[in-house]
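User: Hi! Could you walk me through this one? I'd like the overall picture before the details.

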Amino acid sequence: MRKLLITGGAGFIGSNFVHYWLANHPGDRVVNLDALTYAGNLENLQDIEGNPNYRFVQGDICDRALVERLFEEEAIDHVVNFAAESHVDRSILGPEAFIRTNVHGTFTLLEVARHAWDGDQGCRFLHVSTDEVYGSLGETDPPFTETTCFAPNSPYSASKASSDHLVRAYHHTYGLPVLTTNCSNNYGPYQFPEKLIPLVILNALEGKPLPVYGDGKNIRDWLYVEDHCSGIDAVLQGGRLGETYNIGGKNEIRNLDIVKTVCRILDEKIPADRPREELITFVKDRPGHDRRYAIDATKIECDLEWEPANTFEQGIRETVDWYLRNAQWCKNVRDGCYREYYEKQYAV
């Protein structure tokens with residue numbers, strides 16, 4: 001039995017990973033540590049609350065005493081670190097929280113693991129990061145590889161780059177058995193509705209404007225969250241210690257085309273009085289908006305025989321269907337704080 005500490009397990013990707021791991025490795029113990037900030041939501045995990053191999057703990061990864069107690073109580077031998085402030089727009093409005101959680105929080109986890117494991121190479125510390133640490137690509141530039149130099153352009157991506165460096169340093173200095181994954185843009189169930197795809201789904205259903213930054217031609221590689229979870233599983237079980245693995249979806253798509261695709265699917269499923277594309281509203285571009293991200297996932301494909309199982313068309317239809325089925329979940333997360341942020345961020 002592996003004893004996993006999953007940090008940030010009540011958030012979007014983390015909660016999907018908790019579901020994935022318990023379903024695919026039912027004999028393992030999973031401890032979920034989450035501070036339940038604005039994007040952490042225990043409704044994401046209601047269906048597994050009674051699982052005897054699952055425990056939720058509300059707390060901050062910067063709280064060293066708490067993390068040490070969990071390591072001791074649960075004999076933690078695997079860490080999967082999802083805990084992070086992760087929204088670029090919020091990092092521009094208030095960067096301090098990103099430095100605290102993403103840098104100091106990762107440092108705290110590394111320190112506790114270093115002392116608790118004391119050189120045990122059977123343990124694993126997997127740090128989940130982002131393709132944004134590599135900076136921005138031009139239209140014809142080759143995709144990011146694991147050896148691409150870091151060039152972060154936002155407080156968020158800079159904080160993640162810092163944490164990636166810390167993880168690498170703890171392997172080379174202390175021999176800590178670490179792994180790092182850098183993923184492309186995730187989408188799927190349980191994503192907080194400030195992010196592009198759920199924002200478009202919910203606004204389009206309500207006939208509200210669909211805000212698109214700048215000219216809408218910014219390109220991202222889109223990865224269905226379940227494929228991300230399976231990629232992390234592959235790295236955790238077969239990755240070489242100290243190595244980084246890029247996990248991508250092979251779906252480079254312009255933001256504007258993402259919005260139009262969601263509109264098309266909703267028009268098919270729930271016809272409206274007019275095409276929902278007419279709701280698209282171009283808004284002032286975000287400061288320092290990276291033009292293009294693209295992931296070269298050759299390393300994980302060749303070394304670990306992993307590749308995404310879902311095309312974008314499959315994943316986006318599954319995602320739209322999930323939001324249509326879970327209207328109450330959507331209503332519950334869109335509270336006053338979310339509306340205040342939305343109005344401030346997406347002013348035309």
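Analyst: Happy to. This is a predicted model. Residues 24 or more positions apart account for 82% of the contacts in the protein with a separation of 6 or more.

User: And what secondary structure does the protein have?

Analyst: It comes to 12 helices and 12 strands.

User: How does the radius of gyration look for 348 residues?

Analyst: It agrees with a compact globule: the rule gives a value near 20 Å for 348 residues, and the protein has 20 Å. The C-alpha trace spans about 65 × 45 × 40 Å along the principal axes.

User: Are β7 and β9 parallel or antiparallel?

Analyst: Parallel, over 3 bridges, with β9 covering residues 219-224. Within that pair, Tyr187 stands opposite Tyr224 in β9.

User: Which residues of α7 are buried?

Analyst: Val225, Asp227, His228, Cys229, Gly231, Ile232, Asp233, Val235 and Leu236 are buried in that helix. As background, an α-helix has 3.6 residues a turn, so residues three or four places apart point the same way.

User: Changing topic to backbone angles. Which residues have a positive phi although they are not glycine?

Analyst: Tyr190 is one of them, with a phi of about 70°. Another is Lys250, at about 60°.

User: Where does Tyr190 sit, and is Tyr190 buried or exposed?

Analyst: Tyr190 lies in the loop between β7 and α6 (196-205). Its relative accessible area is 16%, so Tyr190 counts as buried, the cut-off being under 20%.

User: And Lys250, buried or exposed?

Analyst: Lys250 is exposed, with a relative accessible area of 55%.

User: You mentioned α6. How many of its residues are buried?

Analyst: In α6, 8 of the 10 residues are buried, so the helix is largely enclosed by the rest of the structure. The buried ones are Ile197, Pro198, Leu199, Val200, Ile201, Leu202, Asn203 and Ala204. Just after α6, Gly207 takes a positive phi of about 70°.

User: OK, on to β8. Which of its residues are buried on each side?

Analyst: Both faces of β8 are covered: Leu210 and Val212 are buried on one side, Pro211 and Tyr213 on the other.

User: Which strand does β8 join?

Analyst: It joins β12 (residues 280-283) through 4 bridges, and the two run parallel. Val212 stands opposite Phe282 in β12. In general, strands of a sheet pair through backbone hydrogen bonds, either parallel or antiparallel.

User: Tell me a bit more about Tyr213. How far is it from Thr173?

Analyst: Tyr213 and Thr173 are 42 Å apart in space, C-alpha to C-alpha, and 40 residues apart in sequence. Tyr213 is found in strand β8, residues 210-213, and at 10% relative accessibility it counts as buried.

User: Last one: Thr108. Where does it lie and what is it in contact with?

Analyst: Thr108 lies in helix α4, residues 96-117. Leaving aside neighbours within four places in sequence, Thr108 is in contact with Ile61, Cys62 and Arg64. At 3% relative accessibility, Thr108 counts as buried.

User: Great, thanks!

Terms used: Residues are numbered from 1 along each chain as its sequence is written. This is a predicted model: local features need pLDDT of at least 70, side-chain atom pairs count only at pLDDT 80 or more; totals for chains, interfaces and linings use all residues. Side-chain values use heavy atoms; hydrogens and water are left out. Two strands pair if DSSP finds at least two bridges between them. The radius of gyration is taken over C-alpha atoms; the globule rule is 2.2 Å times the number of residues to the power 0.38. Contact means heavy atoms within 4.5 Å. Buried means under 20% relative accessible area, exposed over 50%, partly exposed in between (1.4 Å probe, protein chains only).
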